[in-house]
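Visitor: I have a structure to study today. Could you take me through it?

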Amino acid sequence: MSSIRFLCLLGAAVSMAACADSIKPGASTPLSLSFATAPSTGASASLSPASPQFDVTTTEGANTLVITKAQVVVARAELQLSGATCASEADAGDDATEANGANRDGEHTDCESLELAPSVVDVPVTSAVVSTLNVMIPAGTYSALEAKIRPVRANSGHGSAAFLTANPTFAGVSVRVEGTYNGTTFVYTGTPEAKLEIEFSPPMVVGASPLNLTVNVDISTWFRSASGALIDPATANASGANAEVVASNIRRSFRAFRDDDRNGHDDIDDKRGH
């Protein structure tokens, strides 16, 4: 199975033909990658409607956590093209390639190398489903989407230096959160890494109709202990007592699915009446 680099479709400094030998010029269709925030079942968090003062508010006992801004770094993303082959086994993306042909995650790819610029995504803190990336992709059949959230490091690939120059607060950071805890302002920065995968079953056939993939991020779980008690974000930054607890919560909070009607629910569940 080969892959095309999803972010190269943003119209950056590479041509579509460079993404994979198997992709032929021709018809294309709109594809959007959206983000949504929905508390998990039973979570005592509230999402405000879209307004000038929106936030995610969680109350537990006498403690109140308000998240006014949440950002994540999408360092790598790719669409996997069903049944295609590539001429090169070189690695691709923002990852540095090791001598054995693997990237720093130990992964191998069978597609021609492309180094792509990472991006910062603002996770919505409202009840809305927000489209973050809107691209055109070639007609074809795709089996999966894979994306990675992780810090961008200097010399890790094409676009890393420009990214860090434009986003100095994200040097070595994959997640940044602003808000208040019991009325006190906080800024949380962390390095959690998450891998998002959507396997299309049946494979996604790209034709004329617009498509949408939604990533749901359950922010309400980020600053909670194993018992469900709220965690003071000030204790979750590097070397803090709760740094690993929060990082682990963040890693588990992402879920991606097909959502063409952009209602924040998996299209498969909608068809089943769930």
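Visitor: Is Arg262 buried, partly exposed or exposed?
Guide: Arg262 is partly exposed, with a relative accessible area of 39%. Buried means under 20% relative accessible area, exposed over 50%, and partly exposed in between, with a 1.4 Å probe and protein chains only. This is a predicted model, in which local features need pLDDT of at least 70, side-chain atom pairs count only at pLDDT 80 or more, and totals for chains, interfaces and linings use all residues. Residues are numbered from 1 along each chain as its sequence is written, and side-chain values use heavy atoms, with hydrogens and water left out.

Visitor: Where is Arg262?
Guide: Arg262 lies in the loop between strand 13 (254–258) and helix 3 (267–272). Helices (H or I, at least four residues) and strands (E, at least two) are DSSP runs, numbered from the N terminus. The phi of Arg262 is near 55°, a positive value in a residue other than glycine.

Visitor: And what is the phi of Ser239?
Guide: Ser239, also not a glycine, has a positive phi near 70°. Ser239 sits in the loop between strand 12 (211–217) and helix 2 (243–251), and is exposed, with a relative accessible area of 79%.

Visitor: New topic: in what order do the strands of the open sheet come?
Guide: The 4 strands follow the order 7-2-12-13, with mixed pairing. Two strands pair if DSSP finds at least two bridges between them. Strand 7 (130–138) and strand 13 are the edge strands, each pairing on one side only.

Visitor: How many bridges join strand 2 to strand 7?
Guide: Strand 2 (residues 28–36) and strand 7 run antiparallel and are joined by 8 bridges. Thr29 has Ile137 in strand 7 as its bridge partner.
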